[in-house]
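Student: Could you walk me through this structure step by step?
Tutor: Gladly! Have a look at it first, then ask away.

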Amino acid sequence: SPDLSITNVTASLQALQDIATANGGNRATGRPGYKASADWVKAKLDAAGFTTQLQSFSTSSGTSYNVIADWPGGDAEHVVMTGAHLDSVSAGPGINDNGTGSAAVLEAALAWAASGNTARNHLRFAWWGAEEQGLLGSNHYMRNLPTADKDRIDLYQNYDMVGSPNPGYFVYDDNAAGNEARDAMTAYYTSKGIPWEYIDVQGRSDHASFRSYGIATTGMYSGGEDIKTSAQAQKWGGTAGRAFDPCYHRSCDTTANINTTALDRNLDMIGHMVWLYADKDFGGTSVPPT
Ligand code: PHE
Ligand code: ZN
Ligand code: ZN
Ligand code: ZN
């Protein structure tokens, strides 16, 4: 699996920071910094050869947009989706939450496009709007997706906050249907000597509407407002008694609010998962959830 470029991801975080700075300090739903973020991601994907869609929907905070990008080819009956929310809260630029997930998923998508690989399965990437308003973009996508297309999705993996400044490595454990992908993720961390913990995220991010439908989901989270314990600081380093992300949902969630080592590790994990599931054999036919 690939060694994805942390240099490119860092440059993308700076681009998202610059978008926020030029638009009143945030990239929030209904604000110009959000649309500018969506246009920026879409332009990168278009240039790389993806088939993209800007899916708009309305919220009480204004119009929002999902960016959906399909890589041409692969078995349309077996779709592997990878996503991240692109919006910030209005308090700040949202660089860890969720510039990191957005930039890492973008880098995986662009690296796939550049690799010249042919995938067994069909790869689709998504950048969701209005997660911070209550998972609205991912809910809108699933609600409007025809049943046959929902049934073609074999995995949705979600990346929301993957470069927290005082990081942990938390693997989602809230969907038994995703246990095989969850185990692939933990096996990757273990193989790299990175300790991990399960977290029952209880559907607190954009995988929730996929999970509710019965689709296998997994994901990773490097921690938010919760406090790192001394046991966690012993295994992961960082500072005990301090939040994983002290700038969670605050104006200080800037490019200074990133642990680059954690972000690089999680970037390579995401690359591993995308490459692994691109060629996963899901069997001869798609099995509709019951
Ligand atoms: N969805 C939360 C937010 O964006 C963060 C979160 C991510 C919480 C993953 C739990 C698990 O603010
Ligand atoms: Zn399938
Ligand atoms: Zn958030
Ligand atoms: Zn988030």
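Student: How far apart are the end C-alpha atoms of residues 66–272?
Tutor: This is a predicted model, in which local features need pLDDT of at least 70, side-chain atom pairs count only at pLDDT 80 or more, and totals for chains, interfaces and linings use all residues. Residues are numbered from 1 along each chain as its sequence is written, while chains are lettered from A and ligands numbered from 1 in the order in which they are written. The span 66–272 is 36% helix and 20% strand, where helices (H or I, at least four residues) and strands (E, at least two) are DSSP runs numbered from the N terminus. Its end C-alpha atoms lie apart by 25 Å.

Student: Which feature does UniProt place at residues 66–272?
Tutor: The name comes from an unreviewed UniProt entry, and such annotations may be inferred rather than shown by experiment. The record calls this feature "domain: Peptidase M28".

Student: At what angle do helix H2 and helix H3 pack?
Tutor: H2 covers residues 32–48 and H3 covers residues 95–115, with their axes 10 Å apart. Axes are lines fitted to C-alpha atoms, for helices over the stretch in contact, and angles run from 0 to 180 degrees between N-to-C directions. H2 is roughly parallel to H3, a label for angles under 35 degrees; the angle here is about 10°.

Student: What phi does Ala130 have?
Tutor: Find Ala130 in the loop between strand E4 (121–128) and helix H4 (136–144). Most residues other than glycine have a negative phi. Ala130 is not a glycine, yet its phi is positive, at about 55°.

Student: How many helices and strands are in the chain?
Tutor: The C-alpha trace of the chain spans about 50 × 40 × 35 Å along its principal axes. Within the chain there are 9 helices and 8 strands.

Terms used
Parallel < 35°, antiparallel > 145°, perpendicular 65-115°, else oblique.
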